[in-house]
Amino acid sequence: MNKKDIIICRCEDITLADLEHLLALGYTNIEEIKRLLRVGMGPCQGNTCGQIIQRELSKYLKKPLEEIPTTKVRPLSIGVKIKDIFEGQEHES
Amino acid sequence: MRANYVIIGAGISGTSIAYHLAKAGETNIVVVDKAYLSNGATGRCGAGVRQQWATKMNCLLAKASVEFFENAQNILNYPDDLEFQQEGYLIVAVNDEEDQHFSKSVDLQNALGIPSRKITKAEAKQIVPHLNTDAIVSATFCPSDGHLNPFKMNDAFYRAAKALGVQFYFFEEVKEIVVINQRIEKVITNKQTIETHNVINAAGGFAHEVGQLAGLDIPVYAEKHEILATEPIEKIQGPMVMSFGKNLYCQQVPHGNFIMGRSTPGIKPSHSIASSWSFLEEMSKTIMEILPLVGNLRVVRQWAGSYNMSPDRQPIIDEAKELPGFYMACGFSGHGFMFSPMTGQLLTEIILKKPLSIDISELSLERFKNATVVAYEKLVV
């Protein structure tokens, strides 16, 4: 299958070809890859692409999976509307 | 290893300085960063670029930097889009005092050739239809302000510097700067010793600590600022909306998500970049008041970064008098990203003892030793 047709990040429509292009340029740190491709920055926050990219980095760098870090996990764990945060304050204190 | 220059920090200031020095023909330039590209304030910033300031220096630095950003993709030969979008900054005045101050600032900006203007509530509503004009008195608008992608802008300087022969060392931390008889001799990292006589402190939040390594007391400190991103939606907002009185900046980026931040009143200096729940609460209050429609968006991520604060909220771009060969580009107080092209150009001119394209004597380290500071930038969130 053409690597341009293999989607590794559904939130941002990033393909395996996009990832391999950056790897070939020398960007092999997941935090750098995140910032240049936006993988892990969409609504799923890396829950889908994170492990796929980890495996690809493991293969590319020839390192065991446990030595490949994932991106820093940032809050929130699930998307919450700003207005719900605002209204929630009136009921919680 | 020997180097002509060691730049500490591969944030936007460091990469811009590296690029400009190399472009001017300097060789054997090394950049050291303690983590990955854009790990510090550059990769955490709001990415806005504005020319509406209350001090002359900030206006001039911003204006010249915008001119660079307009052509940056060509100048740096970057293969990707830097996403520079000039749809203006709408700065709202929320009380009469701000309204009067903004009139003065607009006069200053106009005198320096910046096309900002004072506008009414009704005009503001035309520019940003979902703005709650009941919460404001008036506004100022500068159409050539805007924003660009900070990761890509830094990557562009980084790649252009690398193409000119600059060497980058990531995940490497400077531990010691050896000074003998008021001359820099070595920079020692956790991985190597670099013999050099020239060090450039572009360490952002850690600029004070890097100064200390060389025996200098630079009066800057790190301050945590928080920010969040929402889910992306179709375009509804062109300009950055900003309020000093309400403590807010909020922008929809080309990708579609909204980015918004505010400062935490009374926060103590620290290197903390922890996200807080109270930030979300305060931000939601401000958004529901100023831009209530945006309240329907889901927050997908929040994070924080360090401003490197200086006493007058203007940067220090200078060579240390006590230690020739020690150069500083720090204390940007939250605005290092938008000034970065001029930071690189001006510091290069200082280093090479060339005539300065802007008189920045006001940005010397020495200014804090005199009792009277000339200007103080009030327009900071």
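How many helices and strands are there in chain A? Chain A has four helices and three strands, where helices (H or I, at least four residues) and strands (E, at least two) are DSSP runs, numbered from the N terminus.

Before I continue, a word on conventions. This is a predicted model, in which local features need pLDDT of at least 70 and side-chain atom pairs count only at pLDDT 80 or more, while totals for chains, interfaces and linings use all residues. Residues are numbered from 1 along each chain as its sequence is written, and chains are lettered from A and ligands numbered from 1 in the order in which they are written.

Let me stay with chain A. Its elements follow the pattern β-β-α-α-α-β-α along the sequence. The radius of gyration of chain A, taken over C-alpha atoms, is 16 Å, well over the 12 Å that the globule rule gives for 93 residues, so chain A is more spread out than a compact globule. That rule is 2.2 Å times the number of residues to the power 0.38. The C-alpha trace of chain A spans about 50 × 30 × 20 Å along its principal axes. Of the 93 residues in chain A, 28% are buried; a residue is buried if 20 or more other C-beta atoms lie within 10 Å of its own, exposed if 12 or fewer, and partly exposed in between, with C-beta atoms placed from the backbone.

I turn to the interface. In chain A, 19 residues are in contact with 25 residues of chain B, contact being C-beta atoms, placed from the backbone, that lie within 7 Å. On the chain A side, α2 (30-37), β3 (80-81) and α4 (82-88) each supply at least two residues. By class, this side of chain A has nine nonpolar, four polar and six charged residues. Here Ala, Val, Leu, Ile, Met, Phe, Trp, Tyr, Cys and Pro count as nonpolar, Asp, Glu, Lys and Arg as charged, and the others, Gly among them, as polar. Strand β3(A) also pairs in the antiparallel sense with β17 (residues 298-309) of chain B, over two bridges; pairing requires that DSSP finds at least two bridges between the strands. K81(A) has R298(B) as its bridge partner in β17(B).

Next, chain B. Its domain assignment, which is automatic or from a database, gives domain 1 (5-46 + 151-220 + 312-368) and domain 2 (84-144 + 221-309). The centres of the two domains, taken over C-alpha atoms, are separated by 29 Å. Between them, 15 residues of domain 1 are in contact with 16 residues of domain 2. The domain 1 side of that contact draws at least two residues from each of α2 (41-44) and α7 (207-213) of chain B.

Which strands of chain B pair with β14(B)? Strand β4 (residues 89-93) runs parallel to β14(B), joined by three bridges, and Y89(B) stands opposite M240(B). Strand β15 (residues 248-252) pairs with β14(B) in the antiparallel sense over three bridges, with V241(B) opposite C250(B). β14(B) and β15(B) form a hairpin with four residues between them, and N247(B) in the turn has a positive phi of about 65 degrees. Both faces of β14(B) are covered, with M240(B) and M242(B) on one side and V241(B) and S243(B) on the other, all buried.

Finally, H130(B) lies in the loop between α5 (121-127) and β6 (138-142) of chain B. H130(B) is partly exposed because 14 other C-beta atoms lie within 10 Å. The C-alpha atoms of H130(B) and P292(B) are separated by 7.3 Å, although these residues are 162 residues apart along the chain.

Definitions and conventions
Two residues are in contact if their C-beta atoms, placed from the backbone, lie within 7 Å.
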